[in-house]
Amino acid sequence: MTTEQDFISRLINSLKTGGEKRICSRGELLLNEGEVEKNLYYIESGAVRIFLLSAHEDQTIRLGYEGSMINSLSSFLKGSPSEFYIEAIRKTTLKVISKEALSAIVNKDQDSLKGYQLLLENVIAQQMEREIDLLTTSPKERLQRVLQRSPNLFQHVPLKYIAAYLRMSPETLSRIRNS
């Protein structure tokens with residue numbers, strides 16, 4: 001097991017055993033724009049999305065479902081107000097850990113610190129891949145690439161949110177899936 005995988009495994013175990021359990025109804029907001037993110041969420045069941053409101057529509061920028069860790073990362077790291085909302089898109093059970101508790105886990109030893117660094121690097125690389133996909137690939141290629149990264153996405157997340165994440169209409173997404 002790599003340092004990152006070992007750290008993630010220990011972090012998830014800490015979340016499962018020591019995290020505060022929270023059950024959210026569909027549509028419930030975990031975080032509002034303007035609030036400072038102080039938690040890391042592990043999704044035991046259900047699904048959430050991170051989105052922002054623009055002048056014309058909301059923009060889904062990240063999806064999370066069973067087994068995912070999620071939060072408003074820039075707000076969490078910088079302690080600044082979030083630009084994003086986090087919403088449960090179905091009934092969702094979470095384990096919540098505070099930034100202080102995460103810091104204690106991360107700073108436990110050098111391996112934990114290295115694992116956390118690798119985890120953050122991986123998250124940044126994933127975000128860059130998504131930006132490149134949105135800017136340079138066709139809708140069909142975007143769908144193929146997201147399914148390579150998250151093959152079970154359609155089992156956990158409603159179609160309309162996947163379409164919004166991929167920047168296409170639900171009708172376009174259905175047409176591509178059926179072709």
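User: Which residues line the second largest pocket?

Analyst: Let's start there, keeping in mind that this is a predicted model. The lining of the second largest pocket is made by Arg49, Glu57, Asp58, Gln59, Thr60, Lys160, Tyr161, Ala163, Ala164, Arg167 and Met168. The largest share comes from helix 7, with four residues.

User: How do I find such a space, and what is the volume of the second largest pocket?

Analyst: The general idea is simple: a probe the size of a water molecule is rolled over the atoms, and this shows where empty space is left. In this case the second largest pocket holds about 170 Å³ of space.

User: How do the residues of its lining divide into nonpolar, polar and charged?

Analyst: For the second largest pocket, four lining residues are nonpolar, two are polar and five are charged.

User: And what is the volume of the largest pocket?

Analyst: The largest pocket has a volume of about 1100 Å³. Its lining takes in 39 residues, and those nearest its centre are Arg62, Met69, Ile70, Val123 and Gln126. Several elements give two or more residues to this lining: helix 1 (3-18), strand 5 (58-65), strand 6 (69-70), helix 2 (73-78), helix 4 (110-136) and helix 5 (139-149).

User: Which element gives the most to the lining of the largest pocket?

Analyst: That is helix 4, which supplies nine residues. By kind, the lining of the largest pocket has 23 nonpolar residues, ten polar and six charged.

User: Now for the rings. How many aromatic pairs does the structure hold?

Analyst: First, the idea: a pair of aromatic rings is described by the distance of the centres and the angle of the planes. The structure holds two aromatic pairs. One joins phenylalanine 7 and tyrosine 116, whose ring centres are 6.0 Å apart and whose planes meet at 65°, so this pair is edge-to-face. Because phenylalanine 7 belongs to helix 1 and tyrosine 116 to helix 4, the pair ties together parts that are 109 residues apart in sequence.

User: Which residues form the stacked pair?

Analyst: Phenylalanine 51 and tyrosine 85 form the stacked pair, with 5.1 Å from centre to centre and 15° between the planes. Phenylalanine 51 lies in strand 4 (residues 47-53) and tyrosine 85 in strand 7 (residues 85-88), so this pair ties together parts that are 34 residues apart in sequence. Phenylalanine 51 is buried, with a relative accessible area of 6%, and tyrosine 85 is buried at 15%.

User: What sits over the ring of phenylalanine 51?

Analyst: The charged end of arginine 49 does, 3.8 Å from the ring centre. Arginine 49 is also one of the residues lining the second largest pocket. In another case, lysine 99 lies over the face of phenylalanine 76, at 5.4 Å from the ring centre.

User: Let's finish with a single residue. Where is threonine 93 found, and which residues is it in contact with?

Analyst: Threonine 93 is found in strand 8 (residues 92-98). Its relative accessibility is 12%, so threonine 93 counts as buried. Leaving aside neighbours within four places in sequence, threonine 93 is in contact with Lys21, Arg22, Ile23, Tyr42, Ile43, Glu44 and Ser45.

Conventions. Residues numbered from 1 in each chain as written. Predicted model: local features only at pLDDT ≥ 70, side-chain atom pairs only at ≥ 80, totals over all residues. Heavy atoms only, no water. Buried < 20%, exposed > 50% of the residue type's maximum accessible area, 1.4 Å probe, protein only. Contact = heavy atoms within 4.5 Å. 1 Å grid on protein atoms, 1.4 Å probe; cavity = no way out; pocket = protein on both sides within 12 Å on 5 of 7 lines; lining within 4 Å. Points joined across faces, edges and corners; volume = space filled by probe spheres on them. Nonpolar A, V, L, I, M, F, W, Y, C, P; charged D, E, K, R; others polar. Phe/Tyr/Trp six-rings, centres within 6.5 Å; stacked < 30°, edge-to-face > 60°. Lys NZ or Arg CZ within 6 Å of the ring centre and 35° of its normal.
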